[in-house]
Amino acid sequence: MSGARESREERTGQENRKGRAGDTARGRTGGARALLSRTAEALALSLRAGPVGCLCSALLATVQGLLPAGIALLTKWLLDRLQHGPAAGGPQPLALVAGLALLTTLYALLPQLSEYAQARLRRGIVLVVQDRLYGAVNRFTGMARFESPAFLDRLRLAQEAAVTAPERITASLFAVVQQSLTVAGLITVLFTISPPMTLITVAAAAPVLLVETALSRERARMTLSLSPRNRRQLFYQRMLLDLAAVKEIRLFGLGGFLLRRMNDETRVINAAEERLDRRALLRQAPLTALGTVIAAGGLAWMIMAAADGRFTIGDVSAFIASVSGVQGALVGMLLQGAGAYQALLLLGHFTDVTTAGPDLPVRREPLPTGPLSRGVELDDVWFRYGDDGPWVLRGVSLTIPYGSSLALVGLNGAGKSTLVKLLCRLYDPVRGAIRWDGTDLRDMDPGRLRDRISAVFQDYVEYDFTAADNIGLGDLAHHGELDRIVAAARAADAHDLVSALPRGYATLLSRVFTEGSGEGEAGEAGVSLSGGQWQRLALARAMMREGRDLLILDEPSAGLDAAAEERVHRRLRAYRAGATSLLISHRLGAVRRADRIAVLEEGRITEAGSHRELMRRAGTYARLFTIQASGYADAHGPDGTGEAEEAEERC
Ligand SMILES: Nc1ncnc2c1ncn2[C@@H]1O[C@H](COP(=O)(O)OP(=O)(O)OP(=O)(O)O)[C@@H](O)[C@H]1O
């Protein structure tokens with residue numbers, strides 16, 4: 001193996017690894033720098049999502065923050081004026097009453113305005129964040145990350161973060177700004193009255209502040225440690241409501257079992273929360289009492305001083321307003337800060353996903369992917385899903401010459417579908433290479449390569465769209481062309497079944513959505529298809545991709561009845577004639593007419609040749625074929641003897 005090749009293989013291994021796990025190191029820590037950069041990121045996101053909503057929220061927070069100090073000051077002046085008359089100086093009582101009325105009205109109205117501005121901002125953020133997250137996921141060209149439990153876990157957290165975190169961080173920041181201004185304003189008012197009283201006010205708030213700081217850290221830790229349990233709880237919830245699982249859950253009586261497991265998780269979560277709440281109560285109660293004692297002591301001293309004429313009634317009123325105001329604002333700041341801290345940790349997962357590097361290496365200037373003219377070649381391809389996993393493909397060398405059909409046969413788990421994933425460059429080989437007319441797939445743009453391929457995958461998708469959409473999605477450029485959709489349906493033996501649907505090609509195929517439902521309307525239920533009918537639509541979708549260079553059919557007829565299978569394969573043979581194709585099927589009758597048949601056993605090609613050559617060779621293929629053919633022969637005649645040849649023909 002050449003040095004260049006070795007280093008490419010090393011890189012591929014690393015990329016596959018990176019693809020499976022994602023970039024795990026970044027973003028999940030709660031270090032100060034990471035938190036600061038995430039705060040900046042959340043703010044930038046909010047500004048982008050709704051600059052007006054953001055500025056309005058900031059302005060409202062500033063005004064709301066200063067209002068308590070203003071109200072305390074006006075109240076003090078009013079009381080002083082009432083106590084000492086014009087000698088007290090300052091504005092007229094009526095002006096003070098009017099000022100107080102204005103400020104208290106604002107105090108009542110501004111929260112509603114700021115709720116409106118933040119809801120507007122929230123909607124904008126959801127759109128931007130959704131676009132960013134799913135756009136990033138869509139840019140992953142391979143599928144390793146989608147098959148990695150660690151990355152899927154991260155993706156779920158990122159989804160959660162996308163919905164809540166940026167808005168929570170922004171809202172918390174505004175709230176912290178508002179409460180800081182409240183604290184600063186009240187302390188300034190108090191300081192003008194009495195610097196020692198300012199100290200007493202801060203001292204009264206300090207114990208609660210300390211205990212809340214410790215508790216918010218504990219809460220953040222608990223949320224993180226309970227997150228796997230929360231995810232499992234969600235999994236049980238989903239299972240209990242999942243349409244695909246209903247049959248098994250009912251038949252095997254699994255409902256109670258799943259419910260018990262879900263409740264067990266909830267009990268553990270509840271117990272942990274209960275423990276923390278109890279600790280909070282035990283610590284908060286005495287310290288809150290201590291804070292109150294300090295404040296009460298300060299108040300007693302102030303009243304005595306007021307009796308001596310050193311303070312006015314207005315001073316006493318400002319003191320009472322400030323103590324409760326400062327304490328409330330400080331605790332509020334802490335709670336908001338704790339909420340923001342948790343949201344910032346969660347945002348780390350969102351950042352990880354949206355900034356994850358490419359999962360497969362793509363050349364800066366990919367080589368052109370021309371129309372296939374010579375063929376596709378697998379050269380000593382080795383592949384495994386993880387560095388410590390078993391080899392799934394072990395030195396596979398195969399050629400699909402241009403214009404010919406290759407059938408791949410093998411037992412379950414032999415590696416056939418894996419090979420398909422590699423051909424579509426959803427993974428890269430760990431060793432060896434796959435070449436398209438001599439060009440390594442890794443040197444091509446994956447999008448352009450896939451544009452030249454059509455495929456029916458073993459696990460095809462059932463889209464909750466109309467029948468026409470289900471087929472038209474095969475070629476988005478011609479998605480709305482009914483003639484082409486009908487031609488594809490005919491080629492896949494799906495036209496009659498679609499025509500018989502209540503609204504033909506416009507019928508919605510869904511058990512989840514309803515047809516023709518507008519806002520507030522229930523709409524008609526969509527139509528459900530059988531497995532074999534869905535499979536024919538998947539085939540039609542592949543047929544929609546006219547003029548592609550390589551057709552891959554991975555078990556295209558597994559769910560079809562015998563008559564449909566025969567019709568489909570007849571049409572497929574006509575469709576494949578002259579085209580380059582790879583057919584994978586356990587139904588050996590369907591593969592026998594391929595130009596070449598290769599047998600894959602435990603990741604190795606053990607036999608290759610035409611049907612007749614392989615039957616003469618009497619190896620694995622012949623054995624498997626005979627087993628299947630004899631099944632038909634048994635069914636045909638009472639003793640099954642002398643029927644093999646006839647059965648072979650029928651196969
Ligand atoms: N995402 C994955 N991660 C780890 N191992 C995998 C993954 N997908 C498949 N495998 C393993 O790779 C091996 C080959 O699987 P593959 O699906 O390619 O087999 P197959 O020949 O298509 O089988 P079948 O005939 O049952 O469809 C199996 O042992 C399987 O467990």
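Okay, quick definition before anything else: I'm calling a residue buried if 20 or more other C-beta atoms lie within 10 Å of its own. Also keep in mind that this is a predicted model.

So, helix 15. With that cut-off, 11 of its 14 residues are buried, so the helix is mostly covered. The buried ones include Leu 537, Leu 539, Ala 540 and Met 543, but also Gln 533, Gln 535, Arg 536 and Arg 541.

Now the cores. The largest nonpolar core has 74 residues, and the members touching the most others are Leu 408, Ile 471, Ala 488, Ala 492, Ala 540, Met 543 and Ile 552. Helix 15 gives the most to this core, with seven residues. Apart from it there's another core, of 65 residues, with Leu 157, Ala 161, Ala 175 and Leu 347 among them.

Skip its neighbours within four places in sequence, and Leu 408 is in contact with Lys 416, Leu 419, Leu 582, Ile 584, Ala 598 and Leu 600.

The domain assignment gives domain 1 as 20-354 and domain 2 as 455-547. Taken over C-alpha atoms, the centres of domain 1 and domain 2 are 48 Å apart.

How values were computed. Residues numbered from 1 in each chain as written. Predicted model: local features only at pLDDT ≥ 70, side-chain atom pairs only at ≥ 80, totals over all residues. Buried ≥ 20, exposed ≤ 12 C-beta atoms within 10 Å, placed from the backbone. Helix = DSSP H or I, 4+ residues; strand = E, 2+ residues; numbered from the N terminus. Core = buried A, V, L, I, M, F, W, Y, C linked by C-beta atoms within 7 Å. Contact = placed C-beta atoms within 7 Å. Domains from an automatic or database assignment.
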